[in-house]
Amino acid sequence: MADTATLDKLKARFGEADWKAGDRLPSASPGESRIVVPQSQLAKYLKFLKTDCGFDLLVDVTCVDYLHFRNAKDRFGLVYCLANTTTSERLIVRCYLNEPDLTVESAVPLWEGANWLEREVYDMFGIVFGGHPDLRRILLPDEFADHPLRKDYPLRGRGERHNFHRLTREEG
Amino acid sequence: MGVEVPDNVVVTKLDQMASWCRKNSLWPMPFATACCGIELMATGASKHDIARFGAEVFRFSPRQCDLMIVAGRVVMKMLPVLQRIWQQMPEPKWCISMGACASTGGVFDTYCVVQGIDRFIPVDMYVPGCPPRPEQLIQAVIDLQAKIQAEGTLMGREFKTAARQQEKRALLEILPGHELPRPMPRV
Ligand code: SF4
């Protein structure tokens, strides 16, 4: 399989202690592999994958909240989906984060497309991307005070949706 | 001594005359935010033809409109926009809340979807359905015309009554343990 070459390169560069290859899922597409990397070194791994392994396309950045998930040890799983447009190889890079330290280094210097994706993850989960050029909320209003895709946030919110001024006929 | 009125002269009240003019030339502001907007377009198209009721001039400038048709979900980021547009429309003006979402939030009972626009702007007609058929929207326009004819006045005195100012629904969900709203600035 094409992807073992990438894993071998990672082994040669970073050793085998810090990172591990994830299980191959039945739903994985051919040429797709998964790795789990430590939080503090995420940017280093991403840089290596881009410059030395040819992952030139950032497909997606997203996050999973594992609160109440069975057997989960960590709270958040931050996910970077990469693709190599020459070999069609795909790599899912994941790193686990726990409160209170929800900071990772931004991938915007590597892939410009990470800008809005990381803003969305920040908006919905409150993950802070250090070095991001413009880390503001992207979907919710700036005044919003929470991160609604966290599992401890109630589905119906905390009253934000009704906290507006009412217009009457007189004012309108 | 009676005044002789020729056959081609009709005597009426000025209020009724104004209402009659207004009701037959409603200019809708299509505030179409979701799937109901498609049905709103169908209502304007040739098959259902809202022009038969004098309401075909959809304008995208609120300054030129006097009937706001809210067709679709309104989320909390959109609500200040909705209120601003409503305020930009000149008096006299009316509002139709089209579809389950605009009227009640519909199936989208989530943190960001406003559970009925009537909590924040005045609404004259509600159209049920998901989405409502064009016939239903046309019926709402006809009913609104009847309402305008029945209570409209030249200077808009009907909008100043206490009944028009009162709240239509409770503002907050009364749930046990429901937290107080987070601070958000007034629009
Ligand atoms: S009422 Fe139904 S059709 Fe209309 S906006 Fe809501 S979901 Fe869409």
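Predicted model: local features only at pLDDT ≥ 70, side-chain atom pairs only at ≥ 80, totals over all residues.
Figure 1. Of the 172 residues in chain A, 51% are buried, and among the contacts in chain A with a separation of 6 or more, 54% are made by residues 24 or more positions apart.

Figure 2. A:Gln41 counts as buried because its relative accessibility is 18%, the cut-off for buried being under 20%. The side chain of A:Gln41 is joined to the side chain of A:Asp18 by a polar contact of 3.0 Å.

**Figure 3. A:Arg166 and its neighbour from chain B, B:Arg119.** A:Arg166 belongs to the segment after β7 (128-130) of chain A, and with a relative accessible area of 16% A:Arg166 is buried. A polar atom of the side chain of A:Arg166 lies 2.7 Å from the backbone oxygen of B:Arg119.

**Figure 4. The largest nonpolar core, with residues of chains A and B.** In soluble globular proteins, nonpolar side chains tend to be buried together. The largest nonpolar core here holds 64 residues, and those touching the most other members are A:Leu78, A:Tyr80, A:Val93, A:Ile127 and B:Met68. Leaving aside residues up to four places away in sequence, A:Ile127 touches A:Cys63, A:Phe76, A:Leu78, A:Leu97, A:Leu102, A:Val104, A:Val121 and A:Tyr122. Another core, of 19 residues, lies apart from the largest one, and its members include B:Leu26, B:Leu67, B:Ile69 and B:Leu144.

**Figure 5. The largest pocket and its lining.** The volume of the largest pocket is about 470 Å³. Its lining consists of 18 residues, and A:Lys20, A:Arg34, A:Tyr66, A:Arg94 and A:Tyr96 are the ones that lie nearest the centre of the pocket. In chain A, β1 (20-21), β2 (32-36) and β5 (90-97) are the elements that give two or more residues to this lining. Sorted by class, the lining has 9 nonpolar, 7 charged and 2 polar residues.

Notes. Residues numbered from 1 in each chain as written. Chains lettered and ligands numbered in written order. Heavy atoms only, no water. Core = buried A, V, L, I, M, F, W, Y, C linked by side-chain atoms within 4.5 Å. Buried < 20%, exposed > 50% of the residue type's maximum accessible area, 1.4 Å probe, protein only. Contact = heavy atoms within 4.5 Å. 1 Å grid on protein atoms, 1.4 Å probe; cavity = no way out; pocket = protein on both sides within 12 Å on 5 of 7 lines; lining within 4 Å. Points joined across faces, edges and corners; volume = space filled by probe spheres on them. Helix = DSSP H or I, 4+ residues; strand = E, 2+ residues; numbered from the N terminus. Nonpolar A, V, L, I, M, F, W, Y, C, P; charged D, E, K, R; others polar. Polar contact = N/O pair within 3.5 Å; in protein donor to acceptor, adjacent residues only side chain to side chain.
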